[in-house]
Amino acid sequence: MRILLASLALALLSGCGLAPMYAGGGSGMVAQSLAAIEVAPIEGRAGWLVRSALEERLGAAGQANARYRMDVRLDDQLEGLAVLRDDTISRERRTLRARYQLVDLATGEILLDATDGSDAGIDVVSSEYAVIAAEQTALQNLSQDLAQRMVTRVALALREQGEAPQ
């Protein structure tokens with residue numbers, strides 16, 4: 001009985017239209033398309049961190065001739081949230097937002113125009129060194145998170161592009 005139910009469930013799931021994002025592994029269409037993206041330089045320390053994280057993720061399937069370019073503009077903000085009675089800040093929020101475009105180098109067409117962002121809370125303590133270290137660590141973590149979000153959205157756009165009738 002269990003085997004019959006499992007077979008029926010498998011048959012129903014096979015017709016639902018779900019397909020793995022990275023079908024074919026490193027030699028699949030999406031992975032090869034991601035490897036063919038060059039990331040334009042991005043201003044500032046946050047830009048260097050995001051670009052490094054993007055290049056690491058995009059190049060995971062190896063190197064390919066550039067077919068696409070990713071243009072990224074960042075907005076990095078640090079704001080005080082909790083103000084104590086003596087007008088000192090006890091909590092900060094670091095926000096990293098990106099507006100990015102995926103451009104087809106052959107045609108100049110913009111394939112994707114999107115925004116993503118991430119934020120982190122930071123405790124402000126009496127040690128200025130600890131606060132600076134926490135702000136830098138938050139920026140590093142936000143850069144990694146933002147890069148992952150961007151690569152996921154680009155991979156979805158490239159997969160849809162590959163599935164579209166030519």
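Guide: One definition will be needed for the helix we come to below: the expected span of a helix is 1.5 Å times one less than its number of residues. Please keep in mind as well that this is a predicted model.

Visitor: What is the mean pLDDT of the protein chain, and where does pLDDT stay under 50?

Guide: Of the residues in the protein chain, 80% reach a pLDDT of 70 or more, and the mean is 83.

Visitor: In what order do the elements of the protein chain run?

Guide: The secondary structure comes to 4 helices and 4 strands. Read from the N terminus on, the order of these elements is α-α-β-α-β-β-β-α.

Visitor: In which sense does strand 2 pair with strand 1, and in which sense with strand 3?

Guide: Strand 1 and strand 2 share 3 bridges in the parallel sense, and E38 has R69 of strand 2 as its bridge partner. Strand 2 and strand 3 form a hairpin with 5 residues between them, where D87 in the turn has a positive phi of about 65°. D71 has Q101 of strand 3 as its bridge partner. With strand 1 the sense is therefore parallel, while with strand 3, over 15 bridges, the sense is antiparallel.

Visitor: Why does the distance between the end C-alpha atoms of helix 3 agree with its number of residues?

Guide: Helix 3 has 15 residues, and at 1.5 Å a residue these should span 21 Å. The end C-alpha atoms of helix 3 agree with this expectation, because their separation in the model is 21 Å.

Visitor: Which residues of helix 3 are buried, and which exposed residues does the face turned away from them carry?

Guide: The buried residues of helix 3 are A46, G47, L49, V50, A53, L54 and L58. They lie on the same side of helix 3, because they cover an arc of only 165° around the axis. An α-helix has 3.6 residues a turn, so residues three or four places apart point the same way. On the face of helix 3 turned away from the buried side, the exposed residues are W48 and E56.

Visitor: Which element gives the largest share of the largest nonpolar core?

Guide: The largest nonpolar core has 35 residues, and L34, I37, L54, Y100, M150 and V154 are those with the most contacts inside it. Two or more residues each come from helix 2 (29-35), strand 1 (37-39), helix 3 (44-58), strand 2 (68-83), strand 3 (89-104), strand 4 (110-123) and helix 4 (128-163). The largest share, 11 residues, is given by helix 4.

Technical notes. Residues numbered from 1 in each chain as written. Predicted model: local features only at pLDDT ≥ 70, side-chain atom pairs only at ≥ 80, totals over all residues. Heavy atoms only, no water. pLDDT = per-residue confidence, 0-100. Core = buried A, V, L, I, M, F, W, Y, C linked by side-chain atoms within 4.5 Å. Buried < 20%, exposed > 50% of the residue type's maximum accessible area, 1.4 Å probe, protein only. Pairing = 2+ DSSP bridges. Arc of directions from axis to C-beta.
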